[in-house]
Amino acid sequence: MANINVKEYRPQVSNAKSRLTWLWSEYSVIIAFIIIFIASSIMSPRFLDMNNQLNILMQVSIIGIVALGMTVVMLSGGIDLSVGSVLALVGVITVLALNASGSILVGIFTALVVGSFAGFLNGLMVAKGRIASFIATLGMMASARSIALYIAEGGSVSGEVQGFTAIANNDLWIFDYPVIIFFVMTALVYMLMHKTRFGRYVYALGSNEKAALLSAIRVDRIKIGVYSLAGLLVSVAAIIETSRLNSISSSSSGVQYELDAIAAVIIGGTRMTGGRGKIIGTLFGVLILGILNNMMNLMNVSPYLQGFVKGLIIIIAVVFQKRE
């Protein structure tokens, strides 16, 4: 009788374990977000203040938009190290176009064109030049920053059209425009990646490039499209950053944005090797990163150690991915 009970019990344990494994696999980033949110609220009473919560959303909006583009790139099996430098370059050229034309629309259009073109060049080097994405975007990172420094003579450039600041400094109800733009971009990229043929092709490319080629997918076009989209999203982030202070620094703007974006994407569950990940995961990854940054500031952790914490988080997230 004892043996029969053991045999009847084991399938139940196995099913329960498989359900827990599936739950963690699919919703681990949401579970981690809830745990970190609760822990933060216990550690600091100021954390739950509404102004602080809105401040977190505002702080992550720019990195969040950049991280959306990084997610698409990493889903395809690549990486983009140039996002921070391209953001600075786009910002400098946008302000110059804005001042020269006096038109906000011209400035925004210029930003979108410059960022998309930088992404297009990245995609061209990866797809047609057969250069590893790490090397291609590393070259773009150095080139874009150098051009931005040259144009701005190593300093900052300021806008002369005051209406441009409304993009980042106005709000709708209690939410600032950058937060709204971030959530709108998240919804649009989610639909693109999960509801369109392009999104399916990106996942197929990241899972197995050779199989994608054999399936008659135009891999080169998808790669160029992926990096161009990432550049476009960097342009949106650059517009917000430039609008916030109506100026941009060629030397400091966008510094280490690639680290923050990659950290958010990996925390969100997207694999470094591509083919697996979700846009919603990146959304929660960005929020987790924002909460951690906020808590380190509230607890007076040295800013010199915050980079160490981010690097540690990336390593831990990758280790967990390998164990799955």
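First, the conventions. This is a predicted model, so to speak of local features I need pLDDT of at least 70, side-chain atom pairs count only at pLDDT 80 or more, and totals for chains, interfaces and linings use all residues. Residues are numbered from 1 along each chain as its sequence is written, and side-chain values use heavy atoms, with hydrogens and water left out.

Start with the record. An unreviewed UniProt entry places the feature "transmembrane region" at residues 21–44, 56–74, 81–98, 104–124, 131–152, 172–193, 279–296 and 302–320. The positions are in the numbering used here, the feature names are shortened, and such annotations may be inferred rather than shown by experiment. Take two of these spans. Residues 131–152 are 86% helix and 0% strand, with the end C-alpha atoms 30 Å apart. Residues 302–320 are 95% helix and 0% strand, and there the end C-alpha atoms lie 27 Å apart. Helices here are DSSP runs of H or I with at least four residues, strands are runs of E with at least two, and both are numbered from the N terminus.

Next, the core. A nonpolar core is a set of buried Ala, Val, Leu, Ile, Met, Phe, Trp, Tyr and Cys residues joined through side-chain atoms within 4.5 Å. Buried means under 20% relative accessible area, exposed means over 50%, and partly exposed is in between, using a 1.4 Å probe and protein chains only. The largest nonpolar core has 87 residues, and Met-70, Leu-87 and Met-193 have the most contacts inside it. Helix α2, residues 50–75, gives the largest share of this core, 15 residues.

What does Met-193 touch, not counting residues up to four places away in sequence? Its partners are Val-72, Leu-75, Phe-198, Gly-199, Arg-200, Val-202, Tyr-203 and Ile-279. Contact means heavy atoms within 4.5 Å.

Staying with α2, Leu-68 is found in that helix. Leu-68 counts as buried, because its relative accessibility is 1%. Leaving aside neighbours within four places in sequence, Leu-68 is in contact with Phe-182, Met-185, Thr-186, Val-189, Leu-233, Ile-279 and Thr-282. The C-alpha atoms of Leu-68 and Ser-252 are 184 residues apart along the chain and separated by 22 Å.

Now helix α4, residues 104–127, which holds Gly-115. Gly-115 is buried at 0% relative accessibility, and Ala-111 is buried with a relative accessible area of 0%. With neighbours within four places left aside, Gly-115 contacts Val-86, Val-90, Gly-231, Leu-232 and Ser-235. On that basis Ala-111 touches Val-90, Thr-94, Ser-235 and Ile-239. The C-alpha atoms of Ala-111 and Ala-237, 126 residues apart along the chain, are separated by 9.8 Å.

On to the second largest pocket, with a volume of about 420 Å³. A pocket is found on a 1 Å grid over the protein atoms alone, as an open set of points for a 1.4 Å probe with protein on both sides within 12 Å along at least five of seven lines; lining residues have an atom within 4 Å of a point. Grid points are joined across faces, edges and corners, and the volume is the space filled by probe spheres set on the points.

There are 18 lining residues, and Gln-59, Ile-63, Asp-260, Asn-293 and Lys-310 are the closest to the centre of this pocket. At least two lining residues each come from α2, α10 (219–245), α11 (257–267), α12 (279–298) and α13 (303–323). The largest share, five residues, is from α12. By class, the lining has seven nonpolar, seven polar and four charged residues. Here Ala, Val, Leu, Ile, Met, Phe, Trp, Tyr, Cys and Pro count as nonpolar, Asp, Glu, Lys and Arg as charged, and the others, Gly among them, as polar.

Last, some backbone geometry. Most residues other than glycine have a negative phi. Asn-246, not a glycine, has a positive phi of about 60°. Asn-246 sits in the loop between α10 and β4 (247–249). Is Asn-246 buried or exposed? Asn-246 is buried, because its relative accessible area is 7%. Ala-216 has a positive phi too, about 70°, and lies in the loop between α9 (209–214) and α10. Ala-216 counts as exposed, at 66% relative accessibility.
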